[in-house]
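Student: I would like a close look at a single part of this model, with the terms spelled out. Please take a packed pair of helices and then place it in its surroundings.

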Amino acid sequence: MIQISEIKKRYKDFELNCSMEVKPGCITGLIGQNGAGKSTTFKAILGLITPESGEIKVFGKNIGELETKDKEKIGVVLSDSGFSNYMTINDIIPILSNLYSEFDKEAFVAMCERFGLPFKKKLKEFSTGMAVKFKCIVAVTHNAKLLIMDEPTVGLDVVAREDMIDILREYMEQDPERSILISSHISSDLEGLCDDIYMIDNGQIILHEETDSIINKYGILKLSKEEFETIDKSYILRVKEEKYEVICLTNERQFYTENCPRAAIEKGSIDEIIMMMIRGKNV
């Protein structure tokens, strides 16, 4: 669906240098701290900025070669809805009908009703959760093959986040060839949703793994400094020295469970793994 090959975009105090892929039928997450490069990557994919070098392909075509019918197959959720805040859902329905040749008005209305969105209230009067649900419903009701969603969970409460994730799961269940690229700095939102995850820091991809591998194989080791000196470091990715212990990130938790019985070994959340990848040092 998306192939990004060594794109570079330079700003005064930031440089994006990124390669990644979103495969058909997959939900791919891009996670990292605020300012890490997530939004810049999305803008490059959508043609909102032009990289100095590298290549971006969507549906097998360079983004500059996408035709109107190709662009209709992309659903986008950004911080801005793209519609005037003084419009209502009733105002927007005919616009969507004209904008997308495969807009499903019946499905759109049904989903708005299901999630309690008011048809006569202006967008500026929507709560944060209502606004996000509205943008998600627009994105999934014109038969898009690809969704691109930049930080859609920001500011949502638990119920609203679960509603949004339900929308995305149902969207994927309708067609096994659909794909989603979603970014967030709230990794727990993506852990149960994504097939694979890219971690970005300071404009560069620092880790790419299948989500199951991160959950099942990665771990945090806590060792005394003496124990650290003696262990096999073949599967240690990052190290952080504390006053009385050494904290290690491994991608082979089972190996150390079997071979270092005295070590404290934890499963490690995705947030902990991110922090170790960013703040830890190479062995």
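Is the crossing of α3 and α4 left-handed or right-handed?

Tutor: The crossing of α3 and α4 is right-handed; a crossing is called right-handed if the near helix is turned clockwise from the far one by less than a right angle, and left-handed if anticlockwise. The model is a predicted one, in which local features need pLDDT of at least 70 and side-chain atom pairs count only at pLDDT 80 or more, while totals for chains, interfaces and linings use all residues. Residues are numbered from 1 along each chain as its sequence is written, and side-chain values use heavy atoms, with hydrogens and water left out.

Two packed helices are described by the angle between their axes and the distance between the axes. Here α3 covers residues 89-99 and α4 residues 105-114; their axes come within 11 Å and cross at roughly 155°. That makes α3 roughly antiparallel to α4, a label for angles over 145 degrees. Axes are lines fitted to C-alpha atoms, for helices over the stretch in contact, and angles run from 0 to 180 degrees between N-to-C directions. Helices (H or I, at least four residues) and strands (E, at least two) are DSSP runs, numbered from the N terminus.

On the α3 side, the contact (heavy atoms within 4.5 Å) is made by I89, I93 and L96, which meet K105, F108, V109 and C112 in α4. These residues divide into 6 nonpolar, no polar and 1 charged. Ala, Val, Leu, Ile, Met, Phe, Trp, Tyr, Cys and Pro count as nonpolar, Asp, Glu, Lys and Arg as charged, and the others, Gly among them, as polar.

Of the 283 residues, 47% are buried, that is, under 20% relative accessible area with a 1.4 Å probe and protein chains only. Among contacts between residues at least 6 apart in sequence, 68% join residues at least 24 apart.

L66 lies in the loop between β5 (61-62) and α2 (68-71). Leaving out residues up to four places away in sequence, L66 touches V58, F59, K61, K71 and I74.

Key:
Angles under 35 degrees count as roughly parallel, over 145 as roughly antiparallel, 65 to 115 as roughly perpendicular and the rest as oblique. Buried means under 20% relative accessible area, exposed over 50%, partly exposed in between (1.4 Å probe, protein chains only).
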